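Keep the sequence and the model side by side.

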Amino acid sequence: MAAAIPRPPSLSPLFPLLLFFLFLSAPQGSGGLHTKGSLPLDTVTFYKVIPKSKFVLVKFDTQYPYGEKQDEFKRLAENSASSDDLLVAEVGISDYGDKLNMELSEKYKLDKDNYPVFYLFRDGDFENPLLYSGAVKVGAIQRWLKGHGVYLGMPGCLPAYDALAGEFVKASSVEARRAILKRGQDSLASVKETERKWAEQYLKIMGKVLDHGEDFPSSETTRITKLIEKNKMSDGKKEALQKSLNILTAFQKKGAEKEEL
């Protein structure tokens, strides 16, 4: 059986209570933000909250965002419930009137013409956040997050096989990789019938890497992305391809995923 997925140390049991009071005490200046699953922050709460979570994805945007990108963010925030490691937050910025949260805008050199801007903060590090520069699409952002170590229960992904994929990527020899592939094959019998198709997808990718080399996950990701973008297809077919992309992310070396997906 695959090894259990490593988890970071649990957050303080008082942290949920802290978030509750932060929601209650959010200033009127952040009143434009009411996204389920996302915590509104200002120049004070920003510095209190970021150090409390292993990963914090912060969206910097106008005070009253709307449109397709905001709709995608709403879906992302709601879906973040699948991760114990990730907190999703947002900072509303106004450069007129009270000039809300302009201090943060200046600190991170934000350009309002590029809103929304997403930064991933890791382990409370305010000075070296990771900038997301890809498309504002739920799946693309989730795959980017996963590539940087944020575990997300994305459609099609199986925790046990994600762990196997991680071992496979780190393995230094062909023999070790073949042994991992064999473990995955031996575990198929214990996989639920509804999930077996996706477990087999992991094994297929392992086989392709052994046959075609390290670049297979990247080239296959590019191929599937182009299929989705350029071809008309049923919703069911598109959903299946999206799941394949999600699984491929497990084979990307951390930080090496393509942000444009």
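This is a predicted model: local features need pLDDT of at least 70, side-chain atom pairs count only at pLDDT 80 or more; totals for chains, interfaces and linings use all residues.

Residues are numbered from 1 along each chain as its sequence is written, and side-chain values use heavy atoms, with hydrogens and water left out.

Start with the whole chain. It holds 10 helices and 5 strands; these are DSSP runs numbered from the N terminus, with helices being H or I of at least four residues and strands E of at least two. Take the contacts (heavy atoms within 4.5 Å) with a separation of 6 or more: 70% of them join residues 24 or more positions apart.

Now turn to two helices. α9 spans residues 216-230 and α10 spans residues 235-249. Their axes come within 10 Å and cross at roughly 160° (lines fitted to C-alpha atoms over the stretch in contact, with angles from 0 to 180 degrees between N-to-C directions). The two helices are therefore roughly antiparallel, a label for angles over 145 degrees. The crossing is left-handed, meaning that the near helix is turned anticlockwise from the far one by less than a right angle.

Which residues of α9 and α10 meet? From α9 come Pro 217, Glu 220, Thr 221, Ile 224, Thr 225, Leu 227 and Ile 228. From α10 come Lys 238, Leu 241, Gln 242, Ser 244, Leu 245 and Leu 248. By class, this contact has 7 nonpolar, 4 polar and 2 charged residues (Ala, Val, Leu, Ile, Met, Phe, Trp, Tyr, Cys and Pro are nonpolar, Asp, Glu, Lys and Arg charged, the others, Gly among them, polar).

Tyr 115 and Pro 116 are joined by a cis peptide bond, with omega about -5°. Pro 116 sits in the loop between α4 (102-107) and β4 (117-122).

Asn 101 is not a glycine, yet its phi is positive, near 60°. Its loop runs between β3 (86-93) and α4. Asn 101 is buried, at 9% relative accessible area.

Asp 123 also has a positive phi, about 55°, without being a glycine. Asp 123 lies in the loop between β4 and β5 (130-132). Is Asp 123 buried or exposed? Asp 123 is exposed, at 57% relative accessibility.

Notes
Angles under 35 degrees count as roughly parallel, over 145 as roughly antiparallel, 65 to 115 as roughly perpendicular and the rest as oblique. Buried means under 20% relative accessible area, exposed over 50%, partly exposed in between (1.4 Å probe, protein chains only).
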